[in-house]
Amino acid sequence: MNATQDASDSKSGIDTNLAAAALAIALVAFITALGQLLQQYFATADGYRRCQRSVMGNYARKTHLRWRWREFRFETLYTVPEIFLVGHGAPDRENQVILSGNATAREKSMVPLGHIEETSDTSPKLDRTYQVVHPDSKELRAKREQMVVKSLRSNGVFQNELACWVPLLHWIHESSKIALTEEHCPVPTSSSLQVMPPRVRLPAVSLRELSWDFQPPDVVRPLAKTTLFDIAVIARRMGMKWKDFRPSDGILRAEGHSHIITSTTVRSLGIVLQYSFTAQGHRLRRAEGSLRRAVPGSLLSEQEEIYIPNAKSDRLGCGVVRSAAALSLPDFSVSTQSEIITALSFLDDTGISSKALTQILKENPEYHFRVADIVAFTAAPVRSRGSSLIQVPAPSDNVHGVTTSLMGRVLFRQCIEQYLIENPGKLGPLSRSALDLCKEIGSKYPTWDYMTPQTVYGNPWVVTQDVAYLDFLHERCLEITTRFAKMDEETSFRYHNLLGVHIRIAMFCEGGETSPLRSWGTDYASDIKGYFKVLPQIVKEMLKTVHEEINEETIFDAWIMMMMRGMLWGAMHFFVPGERVPIQYFGSQLPVYIG
């Protein structure tokens with residue numbers, strides 16, 4: 001009986017083991033089947049793998065799946081930035097984050113932060129990349145920027161698989177922080193990231209949640225969005241020049257300061273940009289450092305560009321000149337020679353100047369009219385009070401002019417002195433006050449008219465100037481503008497007429513700046529002397545446009561003050577050469593995507 005019971009227990013144990021094995025096999029099969037089922041359902045989440053951290057950086061934190069019961073599948077939802085400009089006339093947007101470069105702005109805009117440490121034990125440690133942009137000096141900025149690039153790449157931030165708008169946002173932060181610091185403008189803090197600082201226009205982002213269901217099949221990465229005009233301005237502020245700008249053909253190409261933007265056209269979507277950072281500038285600076293040991297001077301690296309961050313400066317990048325409202329002058333564009341002809345027809349309503357330039361271009365199609373002086377005579381100051389920045393995009397190919405030249409300011413003062421000696425009764429108190437102002441500025445600020453061997457033949461590259469000096473010029477410029485506005489309101493004198501006569505007689509005088517002999521270079525001494533030589537003709541023409549209450553002395557004084565205003569404006573700004581955005585795309589809201 002015991003044997004039978006043992007056999008029964010043994011059989012029961014075998015059955016139990018078999019049942020357990022069968023249960024385990026069934027469980028494995030169930031788990032496998034469940035995994036295959038889940039894999040099939042998760043596979044319905046099209047695009048999910050393309051919205052991970054290796055592709056989007058920190059933006060992957062907002063990638064998630066949504067179950068759609070009617071279709072019995074997952075839908076991939078991801079978040080990308082929309083990049084735009086705000087402030088100084090550009091409207092704010094809901095939940096915008098200003099790309100100002102500080103820690104909170106980087107966190108809110110979800111731009112990767114790289115941890116940076118100096119290799120030297122004696123150097124201070126920088127724990128975040130946004131700290132590298134404090135512009136103590138050009139050399140220090142270059143050194144710290146090189147540290148940022150090295151650190152970010154070592155941390156895998158700027159690898160090739162990343163969507164290119166991730167590093168683009170980083171460098172937008174960097175350029176904005178530098179401009180804000182030099183602008184002496186308060187950087188938005190954590191409590192004011194959605195409020196623009198006064199008097200500036202800055203890039204900002206808003207986060208957009210999208211569904212991969214609407215992604216075109218040709219697109220393999222999430223796309224950020226911007227507009228044609230906004231990316232044109234942002235690229236220029238980063239130091240890039242638009243080498244090719246043909247949106248109608250889907251072709252955009254910009255490069256400069258180690259940044260490159262190219263474009264392609266995606267069917268059913270439009271223009272898609274590709275951005276890359278080459279770090280070429282760092283290699284050039286290292287090569288230049290080695291070369292300087294044998295050859296003095298700067299031979300390789302690009303000149304530093306920090307533009308005034310406001311709408312007036314951005315307009316100049318399209319060749320658009322916004323005239324001072326108090327002078328009652330029209331706005332105009334000067335990007336191309338045909339646009340300059342149109343502008344001259346507005347500024348000199350007799351049509352003589354525009355016809356003269358048309359004839360010059362027929363005889364010499366390669367001729368480029370000098371626009372710096374008419375910009376200085378008409379535009380309101382682009383800079384803001386309290387700012388040390390003076391760089392603006394050149395609105396045309398030829399931005400030479402007596403008003404932008406240090407030599408022009410020196411010769412202008414000398415010619416007034418000589419004219420007062422030779423014609424003591426023709427110039428009134430305003431002319432003498434202009435001469436006194438030239439002397440006062442020169443005595444307080446040597447930058448105004450101190451000649452060096454480098455400035456005899458041209459203007460040195462300038463990024464910033466002393467704030468007190470610029471503010472002094474700014475106030476004097478506004479005072480003269482107000483004086484002209486008062487004359488226009490109270491008398492028959494019109495500043496518009498004076499400017500037109502000056503353009504017609506002085507700029508287009510025989511042997512002057514528009515003559516064939518002068519098309520190959522500048523001669524500011526001859527220009528200034530030529531102006532004073534034809535000054536009696538200018539006065540004679542102006543007398544035909546005014547009533548009897550305006551005499552010759554008043555017109556002499558008005559012309560001197562107009563020239564003085566131009567000199568002040570020119571000393572406050574520095575034109576940076578470069579290609580312009582065609583005027584037809586000024587303010588364009590055409591959607592552009594960044595891949």
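Me: Which residues of strand β5 are buried on one side, and which on the other?
Reply: This is a predicted model. Strand β5 runs over residues 224-227, and both of its faces are covered.

Me: Which residue of β14 is the bridge partner of K225?
Reply: Strand β5 is joined to strand β14, residues 591-594, by four bridges. The two strands run antiparallel. Within β14, K225 is bridged to Y593.

Me: How many residues does the largest nonpolar core have?
Reply: Nonpolar side chains tend to be buried together in soluble globular proteins. Here, the residues with the most contacts inside the largest core are I441, W448, F484, F532, W559 and M564. Helix α19, residues 552-572, gives the largest share, 14 residues. The core as a whole has 100 residues.

Me: How many residues are in the second, separate core?
Reply: This core includes V55, V97, V111 and W212. Its count is 49 residues.

Me: Which residues is F532 in contact with, leaving aside neighbours within four places in sequence?
Reply: F532 is among the residues with the most contacts inside the largest core. With its sequence neighbours set aside, its contacts are F412, C415, I416, Y419, W559 and I560.

Me: What distance separates the end C-alpha atoms of helix α13?
Reply: Helix α13 has 16 residues, 429-444. At 1.5 Å a residue, it should span 22 Å. The model agrees, because the ends are apart by 22 Å.

Me: What arc do the buried residues of α13 cover around the axis?
Reply: The buried residues are S431, A434, L435, L437, C438, I441 and G442. They are on the same side of α13, because their arc is only 155°.

Me: Which residues are exposed on the other side of α13, and which helices does the buried set pack against?
Reply: On the other side, the exposed residues are P429 and S443. The buried residues pack against α12 (406-422), α15 (467-490) and α19.

Me: Is C415 buried or exposed?
Reply: Buried means under 20% relative accessible area. C415 has 13%, so it counts as buried.

Me: How far apart in space are A394 and V576, C-alpha to C-alpha?
Reply: A394 lies in the loop between β12 (391-393) and α12. A394 is buried, at 1% relative accessible area. Residues it touches include R236, L316, F575 and V576. In sequence A394 and V576 are 182 residues apart, but in space they are apart by 5.2 Å.

Notes: Residues are numbered from 1 along each chain as its sequence is written. This is a predicted model: local features need pLDDT of at least 70, side-chain atom pairs count only at pLDDT 80 or more; totals for chains, interfaces and linings use all residues. Side-chain values use heavy atoms; hydrogens and water are left out. A nonpolar core is a set of buried Ala, Val, Leu, Ile, Met, Phe, Trp, Tyr and Cys residues joined through side-chain atoms within 4.5 Å. Buried means under 20% relative accessible area, exposed over 50%, partly exposed in between (1.4 Å probe, protein chains only). Contact means heavy atoms within 4.5 Å. The expected span of a helix is 1.5 Å times one less than its number of residues. The arc is that of the directions from the helix axis to the C-beta atoms. Two strands pair if DSSP finds at least two bridges between them.
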